[in-house]
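Dear colleague,

I am handing over the structure below, and I would be glad if you looked through it before reading my notes. Please keep in mind that it is a predicted model.

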Amino acid sequence: MIVSIAVLLLIILSIMFRSISEKRQEQRAIEEAQALMPAGIQDNFLEPNEFSRPGTALGEVHGVVIHYTANPGTGAEANRNYFNNLPKINKKKESKTYASSHFVIGIEGEIVQCIPLNEIAYASNDRNVDTISIECCHKRKSGKFTDATYLSLVQLTAYLCKKYQLTEKNVIRHYDVTEKICPKYFVDHEDAWQQFLADVAAKLT
């Protein structure tokens, strides 16, 4: 009987210590993610609507998807406003557009958050249900990002990877989901894409 009680106590203590250890690991992960969080993210959430912010809950996050706006010279706020105005735009069209993104990074490196991280965005087709999306503005048709946009993209992607316990291997292009040429520069220049992933990885070490 005494042996049984001792064994039971050991099991209880083991569970308690494991729980404390897990909580410490979770807290450490949160702190590491916060350290990578880009400064000055502007929350400007879209108004709930069926075309760009349906309010559907986002489940477990398995990836980060990179996009480009395909709209040279426009800024983060302008692209955010386009998503927000889709209900009005679609009234005039037979074929309805569904589009949005969690974040839009501007030409000057500014970051606007359009969708809360616990909701899906209409950005990555079949991967909407388990990914966070980032749209990037660009000056020219080539889709190449400015240095400021690129630096913000690396920082934001690394932050999201750390937040959801992902690695650079979980970062993909829209192209990798549908073969759409998006983000164009990273599809046209595989070496630039691989360098971007390496830059994200460096932030995570």
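With which residue does Asp188 form a salt bridge? The partner is Lys184, and the closest N and O atoms of the two are 2.9 Å apart. Both residues belong to helix α6, which covers residues 184–188, and they are 4 residues apart, about one turn of the helix. Asp188 is partly exposed, with a relative accessible area of 42%, and Lys184 is partly exposed as well, at 25%. As background, side chains of opposite charge can pair when their charged atoms come close.

The structure holds 5 salt bridges, and another of them joins the side chains of Glu119 and Arg53, at 2.9 Å from N to O. This pair links distant parts of the chain, since Glu119 sits in the loop between β4 and β5 while Arg53 sits in the loop between β1 and β2, 66 residues apart. Glu119 is buried, with a relative accessible area of 11%, and Arg53 is buried too, at 13%.

A salt bridge also connects Asp176 with Arg173, whose closest N and O atoms are 3.0 Å apart; Asp176 is partly exposed at 39%, whereas Arg173 counts as buried at 6%. These two residues and Glu190 are linked in a network of salt bridges.

Finally, please look at helix α2 (residues 76–84), in which Ala76, Asn79, Arg80, Phe83 and Asn84 are buried. They lie on the same side of α2, because they cover an arc of only 145° around the axis. The buried residues of α2 pack against α3, β3, β4 and β5.

Conventions. Residues are numbered from 1 along each chain as its sequence is written. This is a predicted model: local features need pLDDT of at least 70, side-chain atom pairs count only at pLDDT 80 or more; totals for chains, interfaces and linings use all residues. Side-chain values use heavy atoms; hydrogens and water are left out. Buried means under 20% relative accessible area, exposed over 50%, partly exposed in between (1.4 Å probe, protein chains only). Helices (H or I, at least four residues) and strands (E, at least two) are DSSP runs, numbered from the N terminus. The arc is that of the directions from the helix axis to the C-beta atoms. Contact means heavy atoms within 4.5 Å. A salt bridge is a side-chain nitrogen of Lys or Arg within 4 Å of a carboxyl oxygen of Asp or Glu.
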